[in-house]
Structures are given as structure tokens and as C-alpha cells.
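Good morning, and thank you for joining this group meeting. I would like to guide you through one structure, a few places at a time.

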Amino acid sequence: MSRTVDLWLDLRSPYSFLAMAPAYALEKELGVTLRLRPFALYIGGAVNPNDPESVARGMRRIKYLYADARRFAGPRGITLLGPKKIFDQKLVHLAWLYAEKSGKGRALVDLAYPRFFKRELDYEDRDAIDALLAEIGVDPAGFDAFAANDGPREIARHQADAEAQGVFAVPTFVVDGELFWGQDRIDFVRARLAS
């Protein structure tokens, strides 16, 4: 059995945010290596913007999903405010991978999630992302070059790896090729690792 668990996340996903603390606890408890990996969840495909009924259904679904996520978040003292729009996660995922080059990708994820869900961080604001990098001790000076060159290739590689593993949504834990989708699947992940 591998001692490495891939955890696929989209930094816009409240369910991914909810998976973090239990995943970290699992890592510590069982001595596994948790590998956080970016996955760009395609949100727009479920709604036809030219069809008012489709948009209304999509909004009802989003409202339900946030209400559901809050059922898990409330008892844990986690704030989950729904975003005012569907954010493009590309810039923050590039920053995550850029920080990872300095061994600080997890630090970026840990700061980004709570701020985003309190509406304190705009994932599309370059100045805010540069400030986030600087706060975790990563010099943002090289970020432009990374975002223009290696970064998009790294994102594409992660996306291809996710597709090859069968990942279709987030959060998804992958243990020796077996997928566990959902922040509430941690007990199944634990059992699989312990078996």
C-alpha cells in the first residue's frame, strides 16, 4: 500500500475547504504523505446562460450546495460565504504551484481558503495574489514569468493526471488508484489506508 494520498482540490470549492483539516489530521494520524493537487472544476457546464430557466435551476443548485456545505462547516466554526460570482481559479492555482516550487504551496492553500470564503480574498486580483505570495515568504517577482511559461504547462499536467486517475469532482482522495469523492469520505479513506 502506498503511503501517499493525492488530494485533488479546487480553491473555489467549499467542500474542498472542508476536507482540509480532516485530511491533515489523517496525515498526522497515519503517517501518510498528503499531496495537495489542483483540479479545475468546470462549473459553467451545468447552466445555459441563454436559458432563464437553466440559470434559475443553476442558482437553486448553488444555493443548496452552499446551504449543505454550511451544515458541515457550522459545527466546526468555519465561515462559508457564497461568492458574489463564479471566480476563475486559474490565477490562484498558478500562485499555488509557484509557491509549491519553494515548498510553500500548502501555506498558500491554508491562507487562501478561509479568506476566500469570508470574501476577504479575490482570486482574480493580481495584487491580492502577489500579497498572498509575499505573506507566505515567496517572492512574487518571478511569478509573471512562471504564469506565462511553466505555470500553464504544470496546470495542464495536473489536469491530465487527474483525468488519468478518473477524478471528476473535488475534493477527491486517491489511494492506490481508488477514488474517494467528498469531504465526508475521510472515514473510508482512513479504513482503506489502515487495511
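Let us begin with Ala156, whose place is in helix 7, residues 150-165. Helices here are DSSP runs of H or I of at least four residues, strands are runs of E of at least two, and both are numbered from the N terminus. Before going on, please note that this is a predicted model, in which local features need pLDDT of at least 70 and side-chain atom pairs count only at pLDDT 80 or more, while totals for chains, interfaces and linings use all residues. Residues are numbered from 1 along each chain as its sequence is written, and side-chain values use heavy atoms, with hydrogens and water left out.

Is Ala156 buried or exposed, or something in between? Its relative accessible area is 45%, so Ala156 is partly exposed. The scale runs as follows: buried means under 20% relative accessible area, exposed means over 50%, and partly exposed is in between, with a 1.4 Å probe and protein chains only. Ala156 and Pro38 are 118 residues apart in sequence, and their C-alpha atoms are 10.0 Å apart in space.

Helix 7 also holds His158. This residue counts as buried, because its relative accessibility is 8%. Which residues does His158 contact, leaving aside neighbours within four places in sequence? They are Trp8, Arg37, Pro38 and Leu97. Contact means heavy atoms within 4.5 Å.

I turn now to Ser16, which lies in helix 1. Ser16 has 0% relative accessibility and therefore counts as buried. Not counting residues up to four places away in sequence, Ser16 touches Trp8, Leu9, Asp10, Tyr113, Val170 and Pro171. Pro171 is found in the loop between helix 7 and strand 3.

Next, the packing of helices. Two packed helices are described by the angle between their axes and the distance between the axes. Helix 1, residues 14-30, packs with helix 2, residues 52-73, at an angle of about 15°, and their axes are 10 Å apart. Helix 1 is therefore roughly parallel to helix 2. As for terms, axes are lines fitted to C-alpha atoms, for helices over the stretch in contact, and angles run from 0 to 180 degrees between N-to-C directions. Angles under 35 degrees count as roughly parallel, over 145 as roughly antiparallel, 65 to 115 as roughly perpendicular, and the rest as oblique.

The crossing of helix 1 and helix 2 is left-handed. A crossing is left-handed if the near helix is turned anticlockwise from the far one by less than a right angle, and right-handed if clockwise. From helix 1, Pro14, Tyr15 and Leu18 meet Leu65, Tyr66, Asp68, Ala69, Phe72 and Ala73 of helix 2. By class, this contact has 8 nonpolar residues, no polar ones and 1 charged. Here Ala, Val, Leu, Ile, Met, Phe, Trp, Tyr, Cys and Pro count as nonpolar, Asp, Glu, Lys and Arg as charged, and the others, Gly among them, as polar.

A second pair is helix 3, residues 90-100, and helix 5, residues 126-135, which pack at about 20° with axes 11 Å apart. Helix 3 is thus roughly parallel to helix 5. This crossing is right-handed. Leu91, Val92, Ala95, Tyr98 and Ala99 of helix 3 meet Arg126, Ile129 and Leu133 of helix 5. The contact comprises 7 nonpolar, no polar and 1 charged residues.

Let us now look at helix 8, residues 186-194, where Ile186, Val189 and Leu193 are buried. Why do these buried residues line one face of the helix? Seen down the axis of helix 8, they fall within an arc of 55°, so they line one face; the arc is that of the directions from the helix axis to the C-beta atoms. In general, an α-helix has 3.6 residues a turn, so residues three or four places apart point the same way. The face turned away from the buried side of helix 8 carries the exposed residues Asp187, Phe188 and Ala194. The buried residues of helix 8 pack against strand 1 (4-9), helix 1, strand 3 (172-175) and strand 4 (178-181).

Asp176 is partly exposed, because its relative accessible area is 37%.
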